[in-house]
Amino acid sequence: MSQPADATPVVSMSNSDLAGHDRFGWYADVVRDGIAPLTLSSPYAADFTARVEATRIGAAQLAAFSFLPLSAVRTPTDIRRGDPETYQLGLVERSPMRATQRRETSAVQVGGLVFFDTSYPLEAEFPDLGGEVVVTILRLPKRSFPLPSGHVDRLLCRPLNSGSVTGALLRHFMAAALHHVDDRSVNENLRLGGIAVDLAAAFLAGHLDSGALLPAETRNRALVARIDAFIDANLGDPRLTPAVIAARHHLSVRALHALFRTEPNAVMGTVRLRRLERCREALRDPLLKDQPISAIAARWGFGSPAEFSRVFRRTYGITPREFRNERGRESPW
């Protein structure tokens, strides 16, 4: 698919084409620009391999770093060299890390989240366990973060339990937001940036046991993100109704509708559109070309084939069968 002119691209970089002695310096420069100035050292510095994928989502930035084991120190001198004044939320993958900031030291296991502030010195170490390190970092501008800095500082480099619903959503968001960028418009990218900030703030507020610190708008947007995830996980259930969604989130139906008043679609409009999107994906999948259209519709919560056909045509201007036939002609199996 060609990239829309208004999309925010993913920048993919690798040092594989460089001479061995130039690779570590290249990575130090990428870290300086993508995180903050840091002093790096590694037993593999003579021939260091690394890859980076990064994109901007609204005011936030998301980057996945893949690299060989190293140690990183952010000294007062590094801070004077440059401070982007951002919070950094790191998702640690494939290898654990040990980090220290503001006299707090934590051992972060694979799958864990850790929180930093670029305005303070930092030490981080990724031990050599015989494999590659992968860390995804969400950069959040401090000026637009909705939690007071005095409270947020209490969480720097502390172990953060990501087993909550909000933590799971945040981990999924950080792992997934680098994908499908070509399909996103500027407006959707801005909306996702807002979701990133709201989820991060709600996640951290949960560790402070003080959700009251969050502005009402942030709490509402984080709740909508949780409801969105619940809808996605239950699209195939034909019993998915506003009453079920509201009860699952301890809301009245009226309060649920009020939450979605500022969303692009109402509650059932959101459910219907996402069901249609899943059906459309299945209809264009050559592996499912022999599956009856009615079975695909039922798989995604449409109880009546006739209703599915009417809704599909009203939304896309073409019947499901015509859509499948056109895709079959474009990409023969």
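A cavity is a set of points, on a 1 Å grid over the protein atoms alone, where a 1.4 Å probe fits but cannot get out, whereas a pocket is an open set with protein on both sides within 12 Å along at least five of seven lines; lining residues have an atom within 4 Å of a point. Grid points are joined across faces, edges and corners, and a volume is the space filled by probe spheres set on the points. The model is predicted: local features need pLDDT of at least 70 and side-chain atom pairs count only at pLDDT 80 or more, while totals for chains, interfaces and linings use all residues. Residues are numbered from 1 along each chain as its sequence is written, and side-chain values use heavy atoms, with hydrogens and water left out.

**Figure 1. Overview of the predicted protein.** The protein contains 12 helices and 11 strands; helices (H or I, at least four residues) and strands (E, at least two) are DSSP runs, numbered from the N terminus. Its C-alpha trace spans about 65 × 50 × 35 Å along the principal axes. Of the 333 residues, 44% are buried, where buried means under 20% relative accessible area, exposed over 50%, and partly exposed in between (1.4 Å probe, protein chains only). A contact means heavy atoms within 4.5 Å; among contacts between residues at least 6 apart in sequence, 72% join residues at least 24 apart.

**Figure 2. The largest cavity.** The count is 1 cavity of 30 Å³ or more, and the volume of the largest cavity is about 300 Å³. Its lining comprises 24 residues, with Ile 35, Leu 38, Phe 116, Leu 122 and Ile 137 nearest the centre. Among the elements that give two or more residues to this lining are helix 1 (20-34), strand 4 (60-67), strand 6 (86-93) and strand 11 (133-141). Strand 9 gives the most, with 3 residues. By class, 18 lining residues are nonpolar, 4 polar and 2 charged; Ala, Val, Leu, Ile, Met, Phe, Trp, Tyr, Cys and Pro count as nonpolar, Asp, Glu, Lys and Arg as charged, and the others, Gly among them, as polar.

**Figure 3. The nonpolar cores.** A nonpolar core is a set of buried Ala, Val, Leu, Ile, Met, Phe, Trp, Tyr and Cys residues joined through side-chain atoms within 4.5 Å. The largest such core has 38 residues, and Leu 89, Phe 115, Leu 138 and Phe 145 have the most contacts inside it. Elements giving two or more residues to this core include strand 9, helix 4 (165-176), helix 5 (186-208) and helix 6 (216-233). Helix 5 gives the most to this core, 12 residues. Leaving aside residues up to four places away in sequence, Phe 115 touches several residues, among them Tyr 87, Leu 89, Val 152, Leu 160 and Leu 204. A second, separate core of 31 residues includes Ala 63, Leu 70, Val 114 and Ala 124.

**Figure 4. Strand 5 and its partners.** Strands pair if DSSP finds at least two bridges between them. Strand 2 (residues 39-41) pairs with strand 5 in the antiparallel sense over 3 bridges, and Thr 39 stands opposite Val 73. Strand 5 and strand 10 also run antiparallel, joined by 4 bridges; Glu 123 in strand 10 is the bridge partner of Val 73.

**Figure 5. Two loop residues with positive phi.** Most residues other than glycine have a negative phi. Arg 102, which is not a glycine, has a positive phi of about 55 degrees. Arg 102 is found in the loop between strand 7 and strand 8 (104-108) and counts as partly exposed because its relative accessibility is 40%. His 250 has a positive phi near 55 degrees and is placed in the loop between helix 7 (242-248) and helix 8 (253-259). With a relative accessibility of 74%, His 250 counts as exposed.

**Figure 6. The second largest pocket.** This pocket has a volume of about 300 Å³. It is lined by 15 residues, of which Asp 198, Arg 221, Val 224, Thr 262 and Glu 263 lie nearest its centre. Helix 5, helix 6 and helix 8 each supply at least two lining residues, and the largest share, 6 residues, comes from helix 6. By class, the lining has 6 nonpolar, 3 polar and 6 charged residues.
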